[in-house]
Amino acid sequence: MNDKIKLLLAATTKAIAGCVIMGLLIFAPAGTLSYQGAWLLLAILFIPMTVMGIIMFVKSPDLLRRRLANKEKRSTQQSVIKLSGLIFIAGFVIAGLDYRWGWSDVPQWVVYGSALLFLVGYALYGEVMRENVWLSRTVRVEEEQEVITTGLYGIVRHPMYTATLLMFLAMPLVLGSWWAGLIFALYIPVIVRRILDEEKLLRAELKGYNDYCLKLRWRLIPYIW
């Protein structure tokens, strides 16, 4: 089996597994498959993900390999991954229970507005991947890696995390749950911790990153942090 077929199988398996697990976490607590917010979230998450995966597979298989790698070596990053996973699980379960028991009354315009915000975050995420060929799910510095300073990287140092923050905060509202929103808000301190630890590595190992930090103050959100 050649490397491209292995890559395709790995990407396909991961996407299907992610969709199934996410669906179980939401629909099982909801006690029904007629949860429209859940179907909406699955659609706006996995349809763009599939399209983006196909584009990477055809145009940049090395980037796709980096995106599939998820074995963190740094202890801080390992704890961040675990905490993020717990937030996902707890948030989706609470959203499902919220739908079953009717704890929240989220207006439809908020649901669809949040879906739009989620897609904006996804578009930003796609642009970051287009700009940065070194992008990886794990925190590391590779040989010949360069500091990216153009495009979104000229606005904030970590635009990928800005995009994921938008997506994280929009998801519980797409699901129509204020209570799940409180759970997903815990992602903010988790992502701050990830960024601070990542910058320690980049400052130490990536040539030119210190100068980049001196020129660009904002890490995540312009004029805030």
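Q: Which residues of α2 are buried?
A: The buried residues of α2 are G37, A38, L41, L42, I44, L45, F46, M52, G53, M56 and F57. The model is predicted. To read such a list, start from the turn of a helix. An α-helix has 3.6 residues a turn, so residues three or four places apart point the same way. In the list for α2, compare the numbers of L41 and L45, or of M52 and M56.

Q: How many residues does α2 have, and what does its span say?
A: A helix can be checked by setting its end-to-end distance against the expected one. Helix α2 runs over residues 36-59, which is 24 residues. From its first C-alpha to its last it reaches 34 Å, close to the 34 Å expected at 1.5 Å a residue.

Q: What does the check give for α1?
A: Helix α1, residues 3-30, has 28 residues and reaches 40 Å between its first and last C-alpha, close to the 40 Å expected. Its buried residues are L7, M22, G23, I26, F27, P29 and A30. After α1 comes G31, with a positive phi near 75°.

Q: Which residue has a positive phi although it is not a glycine?
A: Most residues other than glycine have a negative phi, and most peptide bonds are trans. Y223 has a positive phi of about 70°. Y223 is placed in the segment after α9 (209-215). Y223 counts as exposed because its relative accessibility is 71%, over the 50% cut-off.

Q: Is T162 buried or exposed, and why?
A: The relative accessible area decides. T162 has 19%, and the cut-off for buried is under 20%, so T162 is buried. T162 lies in helix α6, residues 159-174. Leaving out residues up to four places away in sequence, T162 touches V156 and L220.

Q: Is K73 buried or exposed?
A: K73 is exposed, with a relative accessible area of 79%. K73 sits in the loop between α3 (61-68) and α4. K73 and T162 are 89 residues apart in sequence and 23 Å apart in space, C-alpha to C-alpha.

Q: Where does T150 lie?
A: T150 is in the loop between α5 and α6. At 52% relative accessibility it counts as exposed. T150 and A185 are 35 residues apart in sequence and 29 Å apart in space, C-alpha to C-alpha.

Q: What does V111 touch?
A: Contacts are read here without the residues up to four places away in sequence, and V111 then touches L40, V106, L173, V174 and G176. V111 lies in helix α5 and is buried, with a relative accessible area of 7%. V111 and I54 are 57 residues apart in sequence and 28 Å apart in space, C-alpha to C-alpha.

Q: Which members of the largest nonpolar core touch the most other members?
A: The core has 54 residues, and those that touch the most other members are M22, I26, Y35, L41, F92, F118 and L175. Take F118 as a case. Neighbours within four places in sequence aside, F118 is in contact with L41, I44, L45, M167, A170 and M171.

Methods
Residues are numbered from 1 along each chain as its sequence is written. This is a predicted model: local features need pLDDT of at least 70, side-chain atom pairs count only at pLDDT 80 or more; totals for chains, interfaces and linings use all residues. Side-chain values use heavy atoms; hydrogens and water are left out. Helices (H or I, at least four residues) and strands (E, at least two) are DSSP runs, numbered from the N terminus. The expected span of a helix is 1.5 Å times one less than its number of residues. Buried means under 20% relative accessible area, exposed over 50%, partly exposed in between (1.4 Å probe, protein chains only). A nonpolar core is a set of buried Ala, Val, Leu, Ile, Met, Phe, Trp, Tyr and Cys residues joined through side-chain atoms within 4.5 Å. Contact means heavy atoms within 4.5 Å.
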